[in-house]
Amino acid sequence: MSHDAQSISRTVRRQLAGTREPARLPFLQVIGNGGSLDSLRAARGVAFNDSIVIGRRPPPEGEDPRGSLVLSDATVSGAHARISRGGSGDEFVIQDLGSTNGTSVGGRRIEGPTRLPSGSLIFLGSHVLHFRTITPVEMVALREDAARPLAPVPTLSPALALTATKLRLLARSSAEILIVGETGAGKEVFATAVHQASGRTGKLVPVNCAAIPKELVESELFGYEKGAHSTAQARKTGLVEAANGGTLFLDELGDMPLELQSKLLRFLQDKRFSPLGSTRVIEADVRVIAATSRSALEKGGNVYVQEALLGRLGAQPISLPPLRERIEDVGRLAAFFLDQAGDPRGFEPEAFQALLLHGWPLNVRELSKVIGEASVLSRGAPAIGLEHLPDAVTVNLQIETDELEEPAPKYPDEATHVDLAPAGHHDGAADDSRVREFSTGPDTSQTRDGERRKRRPAPTPEELTTLLAACEGSVAEVARRLDRQYAVVWRCIQRYGIDANAYRPGGGDRDG
């Protein structure tokens, strides 16, 4: 067992010995600035204790650096936002610290202290972070995958990091594996990674069980002899034999006919088979990795995978989380797909925000297609913008940025401030019951009679430059005076090529 595996095992034993519910640690994942692919590639995780200040300014000399997260981004203020424990130990609160460009959670701008649930996306200027609480064993798994990624892109997701740890340890064994996950979640990617880490000298042979006609599955898997059927003009080597010394990847196992599953089970028991029309028995040193997007158990009277076959495919299925449950990986994956397309450009802020707010029902496969198409549609533009993304991806952001006649208030009333300092450090009166609640549900962009409101025209360059001068370069204040969403104003400023920093006192040298 490797040193990392021993460390994980010791951590697990310590947790089980102490409590069934191990303590969870606050953890910030820095997804990055979508305008820079280098920023997305350098995504990282930061653990903290009770409080952390996020901003561009380094902590004062002598102060514990673990209480600060420094982001090198001109759109982030010197001291931009603070996250602290709330009234109970498991609750956290975020507060904007008077930043120039404001703070949003889940795409909604916050005003005053706001509860921060685990799994929240945080937008600070052009930078994006993701907040979770994680266990120590998840922390170890994340560090291991960062150092030795199993897949082409290291993950920021604790759930996927644990899955990668299991697969990494199983890879060097001869054990069969069943990977379960939604369509497009990356089952073949991880099966390929396991094969590459296995040390097996043979090749990986992928088989899409759903794409082979039912009557041909057996002959495709096990081959046939000449004359075995009317079209058998010569002997055909089956895929099992072709994978000898390597790995056979059976994708969509749940679509394999049950009678063929029985023959596969017999092969797994003794690694022997006979081609159709032959009495010969062939031995094959083949490791089988199977995958299915359907339930491996009986549901609604339908059996997709035989229970006996499940028993041969590992102690339990290995689950891959869908992309919506590991949204923190979208930045790194987007950079990876742009690298594959040979595109060095990044995203406009609201386009990157739309990617992170999308639910990705078709998972990583959908993200790959969206990025590839956006790269083509945006040729000649300095960055990928909102107009280069499909409507299905931008709809959640448009709900927040639609400019409406007779708009509903877009900025919450001022919240009563509460004490966010750790216990024993008081800089104001506290009452945790007054902390603003944050709802992740979509806003409605319709009038009382159900008809969609019309958009207002975008602000002109003259309006923006006049207001930026009056507001000393504060985009958030400009948005407030215009009664517009911050994302819309920021987008217009970028489109017009206006440098908001130039309107700050000192030409932008002052911290926001």
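How are helix 10 and helix 12 oriented to each other? The legends below take up this pair along with other views of a predicted model.

**View 1. Helix 10 and helix 12 are oblique to each other.** Helix 10 covers residues 330–340 and helix 12 covers residues 363–377. The two pack at an angle of about 50°, and their axes lie 9 Å apart. The crossing of helix 10 past helix 12 is right-handed. On the helix 10 side, the contact is made by Val330, Leu333, Ala334, Phe337 and Leu338. Helix 12 contributes Val364, Leu367, Ser368, Ile371 and Ser375. Sorted by class, this contact of helix 10 with helix 12 holds 8 nonpolar and 2 polar residues, with no charged residues.

**View 2. Helix 3 and helix 4 are roughly perpendicular to each other.** Helix 3 runs over residues 136–147 and helix 4 over residues 158–171. Their packing angle is about 70°, with the axes 8 Å apart. Helix 3 passes helix 4 in a left-handed crossing. From helix 3, the residues in contact are Val137, Glu138, Ala141, Leu142, Glu144 and Asp145. They meet Pro158, Ala161, Leu162, Ala164, Thr165 and Arg168 in helix 4. The residues of this contact comprise 7 nonpolar, 1 polar and 4 charged.

**View 3. Leucine 397 is a buried residue of helix 13.** Helix 13 spans residues 391–401. The relative accessible area of leucine 397 is 0%; burial requires a value under 20%, so leucine 397 counts as buried. Leaving aside residues up to four places away in sequence, leucine 397 touches Glu350, Gln353, Ala354, Leu357 and Leu386. Arginine 108 is 289 residues from leucine 397 in sequence, yet the C-alpha atoms of the two are 9.8 Å apart in space.

**View 4. The whole protein gives the setting for the close-ups.** The protein has 512 residues, of which 50% count as buried. Its secondary structure consists of 16 helices and 18 strands. Among contacts with a separation of 6 or more, 67% join residues 24 or more positions apart. The protein exposes about 24,100 Å², and 49% of this area is supplied by carbon and sulfur atoms.

Terms used
Residues are numbered from 1 along each chain as its sequence is written. This is a predicted model: local features need pLDDT of at least 70, side-chain atom pairs count only at pLDDT 80 or more; totals for chains, interfaces and linings use all residues. Side-chain values use heavy atoms; hydrogens and water are left out. Helices (H or I, at least four residues) and strands (E, at least two) are DSSP runs, numbered from the N terminus. Buried means under 20% relative accessible area, exposed over 50%, partly exposed in between (1.4 Å probe, protein chains only). Contact means heavy atoms within 4.5 Å. Accessible areas come from the Shrake-Rupley method with a 1.4 Å probe; for residues, only the protein chains shown count as cover. Axes are lines fitted to C-alpha atoms, for helices over the stretch in contact, and angles run from 0 to 180 degrees between N-to-C directions. Angles under 35 degrees count as roughly parallel, over 145 as roughly antiparallel, 65 to 115 as roughly perpendicular and the rest as oblique. A crossing is left-handed if the near helix is turned anticlockwise from the far one by less than a right angle, and right-handed if clockwise. Ala, Val, Leu, Ile, Met, Phe, Trp, Tyr, Cys and Pro count as nonpolar, Asp, Glu, Lys and Arg as charged, and the others, Gly among them, as polar.
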